[in-house]
Amino acid sequence: MTTLPRISATIALALAASACNDSSSSPPPAYPQNGAAPYGYGQPAPYGQVPQPYGQPGYPQPAYTAAPAPYAAPTAAPGYSAPSVPTAVPSVAGAQDPITNTDVNWLRQHAASLMVELVSALPDVAKQRVQGIPLDVDDTPGEVNAYAACNGSKAVMVITDGLLDIAAHLSQARANDDVFGTRKVTDYINFIAQNQKPNGPVIQPPRGFFDPSQQADGRRVARQHDVLDEVIGFVLGHELAHHHLGHLPCTGGSGFLGTGELLRGLSQNVPVFNQPNEIAADTAGTDTILTAGARRPGYHLNEGGGLLMMQFFEASDQLSPEDILFGFERDHPPPAIRIPVIQQTANFWRVTGGTWVPLPRL
């Protein structure tokens with residue numbers, strides 16, 4: 001008989017905190033006209049403004065400086081094995097690849113397509129809450145962010161060009177390391193930590209940061225597409241969870257014993273009450289990317305992209321001279337808490353044959 005793994009204390013604490021209070025107070029105002037601040041990876045759009053999609057910011061090219069000591073990356077959940085590098089070189093024009101070129105228009109369109117794939121992988125009750133929610137793009141220079149929000153009574157999701165830019169470079173770096181045994185993930189994180197300024201345009205690695213001959217390798221190109229889908233897929237799965245778990249008034253119900261409105265109100269005003277919602281969204285986001293990935297032929301997407309993003313945020317803050325490099329971290333759990341949640345959720349999903357961790361739906 002297979003013994004089911006225990007759900008971690010971290011996840012269990014999030015579940016308990018998300019289902020324990022009751023109030024008949026009026027719901028928090030809807031974003032952006034009347035209130036509920038978006039949940040996500042970065043700073044919300046300015047109050048009273050709906051992010052306007054499209055339009056690429058200009059990015060400077062600072063000089064590259066030597067990297068400090070390497071940062072140790074988190075490991076994947078038990079049962080995860082790194083993908084093997086294909087021996088045959090696919091017929092891909094690597095130099096023209098949209099990830100290699102950080103083609104922002106392609107990245108926006110691909111993120112929207114990926115969100116459709118993620119929604120289709122949700123359980124029916126969750127799918128009903130998020131079906132048809134649009135993915136908008138915020139092109140504000142310096143915004144590294146993705147979030148779920150309410151525009152009046154309408155649910156929206158937003159991803160920024162800054163986050164897409166970082167995802168593209170992280171994907172290239174991971175693919176480079178996997179194919180050629182380099183340390184480009186460490187180099188890229190160190191480069192961002194040393195040179196990025198809070199709220200400043202996302203800086204670009206200098207010419208030659210990636211070896212052009214390696215960039216054109218078809219194995220690397222194929223791998224960076226898988227990694228990109230894992231990174232963006234985890235991010236969007238996390239934000240979709242804020243909607244289908246009812247963390248926002250436009251997609252939430254009354255909750256268990258009427259607790260939904262109270263918890264939504266508290267999470268907007270007292271940061272500690274937002275922590276369980278973020279842990280729950282990480283849990284559901286991990287289940288979403290694993291379920292969607294299992295439906296793909298060939299390579300199955302996994303939690304590696306979520307762990308890569310956590311590695312990026314944790315190491316960039318540890319190595320940056322700035323107090324807080326990315327503003328969302330002020331009211332989100334630290335990566336040191338989020339990493340084991342992702343790992344344990346993925347392990348539970350695998351051992352149970354694809355069972356999702358049960359979460360309260362407000």
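**A walk through the core and its helices**

The largest nonpolar core of this protein has 58 residues, and the members that touch the most others are Ile-159, Leu-170, Ile-232, Leu-236, Met-309 and Phe-312. Helix α7, residues 218–244, gives this core its largest share, 8 residues. Apart from it lies another core, of 6 residues, including Ala-241, Ala-281, Ala-284 and Leu-359. Do keep in mind as you look around that this is a predicted model.

Let's step back to the whole chain for a moment. It has 11 helices and 4 strands, and 54% of its 362 residues are buried. Of the contacts between residues at least 6 apart in sequence, 78% join residues at least 24 apart. The accessible surface comes to about 14500 Å², with 55% of that belonging to carbon and sulfur atoms.

Setting aside neighbours within four places in sequence, Met-309 is in contact with Leu-163, Leu-170, Val-231 and Val-235. Met-309 also takes part in the meeting of two helices: Val-227, Glu-230, Val-231, Phe-234 and Val-235 of α7 meet Gly-304, Gly-305, Gly-306, Leu-308, Met-309 and Met-310 of α10. How do these two helices pack? The axes of α7 and α10 are 7 Å apart, at an angle of about 75 degrees. Since angles from 65 to 115 degrees count as roughly perpendicular, α7 is roughly perpendicular to α10.

Helix α10 has another partner to visit. The buried residues of α5 pack against α10 (304–319) and also against α4 (161–180). Is α5 mostly covered or mostly uncovered? It is mostly covered, with 10 of its 12 residues buried; among them are Tyr-188, Ile-189, Phe-191 and Ile-192, as well as Lys-184 and Asn-190. The length of α5 (residues 184–195) can be checked too: at 1.5 Å a residue its 12 residues should span 16 Å, and this agrees with its end C-alpha atoms, which are 16 Å apart.

Most residues other than glycine have a negative phi. Thr-102, which is not a glycine, has a positive phi of about 45 degrees, and Asn-199 likewise has a positive value, near 65 degrees. Thr-102 sits in the loop between β1 (39–40) and α2 (104–120), while Asn-199 lies in the loop between α5 and α6 (212–215). Which of these are buried or exposed? Thr-102 counts as buried because its relative accessibility is 13%, under the 20% cut-off, whereas Asn-199 is exposed, with a relative accessible area of 62%.

Key
Residues numbered from 1 in each chain as written. Predicted model: local features only at pLDDT ≥ 70, side-chain atom pairs only at ≥ 80, totals over all residues. Heavy atoms only, no water. Buried < 20%, exposed > 50% of the residue type's maximum accessible area, 1.4 Å probe, protein only. Contact = heavy atoms within 4.5 Å. Areas by Shrake-Rupley, 256 points an atom, 1.4 Å probe, with all protein chains shown as cover. Core = buried A, V, L, I, M, F, W, Y, C linked by side-chain atoms within 4.5 Å. Expected span 1.5 Å × (residues − 1). Axes fitted to C-alpha atoms, helices over the stretch in contact; angles between N-to-C directions. Parallel < 35°, antiparallel > 145°, perpendicular 65-115°, else oblique.
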